Amino acid sequence: MVDLFLRFERQLTRLAMVVAVVMLVVSVSFSFYQVLTRFVFNAPSTWTEVAARTAMIWCVFMAAAATFRGGYMMAVEAIYKLVPQRLLLVLEIAIVLCCLLVLAVLVHYGILMTRRVANQTMSGMNISMAYAYAAIPIGAGFAIVSVVARLLAQLTGREAVGPDLDEASPEVEMHDLRRTMPETAEDVERRGPRS
């Protein structure tokens with residue numbers, strides 16, 4: 001059952017990423033067209049700015065599913081290093097509960113906002129504002145599935161608990177770099193003579 005759910009989530013997250021990438025391309029294309037019409041042809045387009053903004057909103061909310069699935073949204077490496085190994089799973093469950101709470105609020109109020117603006121149209125376009133606001137509950141719904149799948153994969157031992165620490169943060173890399181670099185004359189002066 002868990003395998004079936006994880007396969008379903010993988011396909012759902014892949015679909016969300018495809019939509020996010022398409023919306024990013026659409027947003028960039030419309031923005032380029034807006035700049036072209038405004039500064040080259042001196043006849044600015046009235047609809048491209050709103051369309052580009054709407055596409056970017058969809059891009060962000062759809063990409064959230066993949067970032068939640070990878071554990072990149074709420075991962076604070078310092079906390080994982082402070083918590084004992086045996087309590088990491090408890091920390092992950094607490095993080096998942098916080099994420100689910102925020103995402104449930106986004107779904108609930110996103111649906112309410114989408115309904116509220118359904119009769120309004122976007123400026124420069126004769127399209128309902130609901131199409132832009134619908135990104136909030138839909139993206140949050142995709143992210144809920146991703147968050148649950150991540151926790152299930154960790155609980156069943158299919159994935160390691162905690163963030164992916166393969167890529168060190170810049171602070172860690174800088175600290176490691178300082179340890180391996182030879183001392184300069186300034187370092188010796190600051191430190192003083194060794195006893």
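Analyst: Reading along the sequence, you get the pattern α-α-α-α-α-α-α-α. That's eight helices and zero strands, where helices (H or I, at least four residues) and strands (E, at least two) are DSSP runs numbered from the N terminus. This is a predicted model, in which local features need pLDDT of at least 70, side-chain atom pairs count only at pLDDT 80 or more, and totals for chains, interfaces and linings use all residues. Residues are numbered from 1 along each chain as its sequence is written, and side-chain values use heavy atoms, with hydrogens and water left out.

Now to the rings. The structure holds two aromatic pairs; rings of Phe, Tyr and Trp (its six-membered ring) pair if their centres lie within 6.5 Å, and planes under 30 degrees apart count as stacked, over 60 as edge-to-face and the rest as tilted. Phe30 and Trp47 have ring centres 5.1 Å apart and planes at 80 degrees, so this pair is edge-to-face. It ties together distant parts of the chain, 17 residues apart: Phe30 belongs to helix H1, while Trp47 lies in the loop between H1 and helix H2 (48-70).

Phe30 is partly exposed, at 26% relative accessibility, and Trp47 is partly exposed too, at 33%. (Buried means under 20% relative accessible area, exposed over 50%, and partly exposed in between, using a 1.4 Å probe and protein chains only.) Trp47 also pairs with Tyr33: their ring centres are 6.2 Å apart and the planes are at 35 degrees, so that pair is tilted. Tyr33 is in helix H1, 14 residues from Trp47 in the loop. With 38% relative accessibility, Tyr33 counts as partly exposed.

What else does helix H1 meet? The axes of H1 (residues 2-40) and H6 (residues 135-155) come within 10 Å and cross at roughly 140 degrees. Axes here are lines fitted to C-alpha atoms, for helices over the stretch in contact, and angles run from 0 to 180 degrees between N-to-C directions. On the H1 side, the contact (heavy atoms within 4.5 Å) includes Phe5, Leu12 and Ala16, and on the H6 side it includes Phe142, Val145 and Leu152.

Zooming out, buried residues make up 31% of the 195 residues in the protein.
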